[in-house]
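Trainee: I would like to learn how to read a model like this one, feature by feature. Where do we begin?

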Amino acid sequence: MAVEFEFAPVPMPSGRPKKLRYYPRVVNRRTVSTPDIVKEIEMACTLTRTDVVAVLDALNRSLVGWLKDGWRVHIDGIGYFDVSLTAPETRNPKDTKASSVKFKNVNFRADKELRYRVAELKAERSKAGSHSAHLSEIEIDMKLTEFFSENSILVRRDIEKICQMTRVTAGRCLKRLQEEKKLKNINTKQQPVYVPVPGHYRTSLER
């Protein structure tokens, strides 16, 4: 087996010269779930499926317990786990109450042994063609103008289709168009629905 990849353009901040550069991006087939791992471990040793599930569950609870107590956890051959915290910005740390300091994230740093073993992977170019077509901002505006001539609303799947974008690229594009006040979300943040801001994509300023 090999890791499939595609080349994707490096995101450039708005306003900077568009000198395109590309980087290889892994094309994920799917997520390996716990049952997949349990089955593989069961086949590789004398433990039963029930034993493997019990061990993984105990590992989970042990890891959570140590992290909640502020410990850094090291699992040989895998890596280090620790937690990071967040708190409101302040000019004087003495003014910050302990109750306002909250959990931010669980951090992971891979062991050198794990990185070394994974580094032996082989890569091959993806045949799926899931990369985004590179369109200029003007070309995107033209496609949206044509789209809104026949449709009143737009969702992320629409821009993925008409601009041949991946989900991630479409998300970045929609964020940019909102910041430039060309589109606005008329629904919830979790389920956005976009319409043109009056004056864009041939919509009337009186709309």
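Trainee: Which helix gives the largest share of the lining of the second largest pocket?

Mentor: Helix H3, residues 112-118, with 3 residues of that lining. Keep in mind throughout that this is a predicted model.

Trainee: Which residues line the second largest pocket, and how much space lies in it?

Mentor: The lining consists of Leu59, Gly77, Ile78, Leu114, Arg117 and Val118. The space in the pocket is about 240 Å³.

Trainee: What is the secondary structure of the protein chain as a whole?

Mentor: The protein chain has 6 helices and 8 strands. In sequence order the pattern reads β-β-α-α-β-β-β-α-β-α-α-α-β-β. Of its 207 residues, 23% count as buried.

Trainee: How should I read the two sides of a helix?

Mentor: Start with the geometry: an α-helix has 3.6 residues a turn, so residues three or four places apart point the same way. Then check the length and look at where the buried residues fall. Take helix H2, residues 49-68: its 20 residues should span 28 Å at 1.5 Å a residue, and its end C-alpha atoms are 29 Å apart, which agrees.

Trainee: Which residues of H2 are buried?

Mentor: Val52, Leu63 and Leu67 are the buried residues of H2. Seen down the axis of H2, they fall within an arc of 30°, so they line one face of the helix. Thr50, Arg61 and Lys68, on the other side of H2, are exposed.

Trainee: Which residues are buried in H4?

Mentor: H4 covers residues 137-148, and its 12 residues reach 16 Å from first C-alpha to last, close to the 16 Å expected at 1.5 Å a residue. Its buried residues are Ile140, Asp141, Leu144, Thr145, Phe147 and Phe148. Viewed down the axis of H4, these fall within an arc of 160°, so they too line one face of the helix. The face turned away from the buried side carries Ile138, Met142 and Glu146, which are exposed.

Trainee: Which residues do ring pairs link into a cluster?

Mentor: Phe147, Phe148 and Tyr201.

Trainee: Why do Phe147 and Phe148 count as buried?

Mentor: Buried means under 20% relative accessible area. Phe147 is buried because its relative accessibility is 13%, and Phe148 is buried because its relative accessible area is 11%.

Trainee: What should I look for in backbone angles?

Mentor: Most residues other than glycine have a negative phi. Gln164 is not a glycine, yet its phi is positive, about 50°. Lys181, also not a glycine, has a positive phi of about 60°.

Trainee: Where do Gln164 and Lys181 lie?

Mentor: Gln164 lies in the loop between helix H5 (156-162) and H6. Lys181 lies in the loop between H6 and strand S7 (183-185). Gln164 counts as exposed because its relative accessibility is 54%, and Lys181 is exposed because its relative accessible area is 58%.

Trainee: How many residues apart along the chain are Pro35 and Val52?

Mentor: They are 17 residues apart, with 9.9 Å between their C-alpha atoms. Pro35 is in helix H1, residues 34-44, and is exposed, with a relative accessible area of 51%. Val52 is one of the buried residues of H2.

Key
Residues are numbered from 1 along each chain as its sequence is written. This is a predicted model: local features need pLDDT of at least 70, side-chain atom pairs count only at pLDDT 80 or more; totals for chains, interfaces and linings use all residues. Side-chain values use heavy atoms; hydrogens and water are left out. On a 1 Å grid over the protein atoms alone, a cavity is a set of points where a 1.4 Å probe fits but cannot get out, and a pocket is an open set with protein on both sides within 12 Å along at least five of seven lines; lining residues have an atom within 4 Å of a point. Grid points are joined across faces, edges and corners, and a volume is the space filled by probe spheres set on the points. Helices (H or I, at least four residues) and strands (E, at least two) are DSSP runs, numbered from the N terminus. Buried means under 20% relative accessible area, exposed over 50%, partly exposed in between (1.4 Å probe, protein chains only). Rings of Phe, Tyr and Trp (its six-membered ring) pair if their centres lie within 6.5 Å; planes under 30 degrees apart count as stacked, over 60 as edge-to-face and the rest as tilted. The expected span of a helix is 1.5 Å times one less than its number of residues. The arc is that of the directions from the helix axis to the C-beta atoms.
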